[in-house]
Amino acid sequence: MVHLADLPTPVLADGDTVLPPFTPAVIFTHISLDSVLAVMLLIAAALYGYGVYRLRLRGDTWPPGRTVAFLVGGLGSIAAVTVSGIEAYDDTLLSVHMVQHMVLSMVGPIFLALGAPVTLALRTLRSRPRKTLLTVLHSRVVRVLTFPLVAFGLFVANPFVLYFTGLYRQSLEHAWLHEWVHVHFVITGCLFFWPLVGLDPLPNRWPYPARALLMVLSVPFHTVLGLTIMQSQTLLAGDWYPNLHLAWTDPRSDQVLAGGILWAGGEIVSITLLAILVVQWARQSEREAKRIDRALDRAEAAEAARLAAGVRPRPEPD
């Protein structure tokens, strides 16, 4: 496998080296598994796979779609932007970082929620760990953090705090903070999307119309943030990008592209999520209708049995 360090690298007059131009090929030729997030992804995949394996051993079934959503859509999308060549350029190109931001905070968490890992854990854990997990799920901290308005506030406020304070520049200068920002993106995304589209038994579950409204309300924030970044005459992170001296990119143009990615990406993901909510709402309505039909059928059958036995229905009280 070819690594980024093995690629031809331009040399500046002072002897420093710079990265070659970003190309799609770099995404597939540079794999790095030495980050904290990469270890967390491997552990999560192993635990989820073991849970599915335990269910099959005892003869229970687990929907394949949930497994694909969690492992491929969730963990896979997060891995695609954190262990590939995208990670190598996320502190070099703001546009690449913004793709990473969208996947970590929106795409990955949505698929993780659709994978229902908490439900899988509840079905495979033994009695005492299961009770512990249920206690955590219904604790005051989880209730507060997963309350839709609280999660919504964290989700929409965090990007503004990151990009319009000195925090973003600090994350570029310190590797540990850079990784923490990645983990933070995933956590805040999960807190927001899990109660909206997740299949797990969580507190504070709102009805579908309210969930759809909350999703719609998040769209303007991505639009405002994206447009602000595009139109800003001040470079994010100050002179960080110009000081990289990359002849093959212009920091100002790349920042405009990054803002456009955030704007368009937020709307695309939001529309897709609304479609998922509509499908889930329709399925719930269908299940509820079938439940009511079954209850009516049972009542009619019981009434028919009483009539056949010669038992008259009790008169209604005046």
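Contact here means heavy atoms within 4.5 Å. The model shown in these views is predicted, with local features needing pLDDT of at least 70 and side-chain atom pairs counting only at pLDDT 80 or more, while totals for chains, interfaces and linings use all residues. Residues are numbered from 1 along each chain as its sequence is written, and side-chain values use heavy atoms, with hydrogens and water left out.

**View 1. Tyr168 and the largest nonpolar core.** Leaving aside neighbours within four places in sequence, Tyr168 is in contact with Leu94, His97, Leu162, Tyr163, Leu236, Ala237 and Tyr241. Tyr168 is also listed, together with Tyr163, Phe192, Phe193, Leu196 and Val197, among the residues with the most contacts inside the largest nonpolar core, which has 66 residues. A nonpolar core is a set of buried Ala, Val, Leu, Ile, Met, Phe, Trp, Tyr and Cys residues joined through side-chain atoms within 4.5 Å; buried means under 20% relative accessible area, exposed over 50%, and partly exposed in between, with a 1.4 Å probe and protein chains only.

**View 2. The largest pocket.** On a 1 Å grid over the protein atoms alone, a pocket is an open set of points with protein on both sides within 12 Å along at least five of seven lines, a cavity is a set of points where a 1.4 Å probe fits but cannot get out, and lining residues have an atom within 4 Å of a point. Grid points are joined across faces, edges and corners, and a volume is the space filled by probe spheres set on the points. The largest pocket has a volume of about 980 Å³, and of the 31 residues that line it, Ala44, Phe70, Pro117, Val118 and Trp194 lie nearest its centre. Two or more lining residues come from each of helix H2 (36-57), helix H3 (64-82), helix H6 (117-124), helix H7 (127-137) and helix H11 (175-197), where helices (H or I, at least four residues) are DSSP runs numbered from the N terminus. H2 gives the most to this lining, with nine residues. By class, the lining has 27 nonpolar, three polar and one charged residues, with Ala, Val, Leu, Ile, Met, Phe, Trp, Tyr, Cys and Pro counted as nonpolar, Asp, Glu, Lys and Arg as charged, and the others, Gly among them, as polar.

**View 3. The second largest pocket.** About 410 Å³ of space lies in the second largest pocket, whose lining of 19 residues has Leu114, Val197, Leu199, Gln280 and Arg283 nearest the centre of the pocket. H3, helix H12 (208-231) and helix H13 (251-308) each give two or more residues to this lining, and the largest share, seven residues, comes from H13. The lining of the second largest pocket divides into nine nonpolar, four polar and six charged residues.

**View 4. The largest cavity.** Three cavities of 30 Å³ or more are found in a search of the whole structure, and the largest of them holds about 60 Å³ of space. Its lining consists of His101, Ser105, Phe155, Asn158, Pro159, Phe185, Thr188 and His222, with H9 giving the most, three residues.

**View 5. Thr223 in helix H12.** Thr223 has its place in helix H12 and counts as buried because its relative accessibility is 15%. Leaving aside neighbours within four places in sequence, Thr223 is in contact with Trp263 and Glu267.
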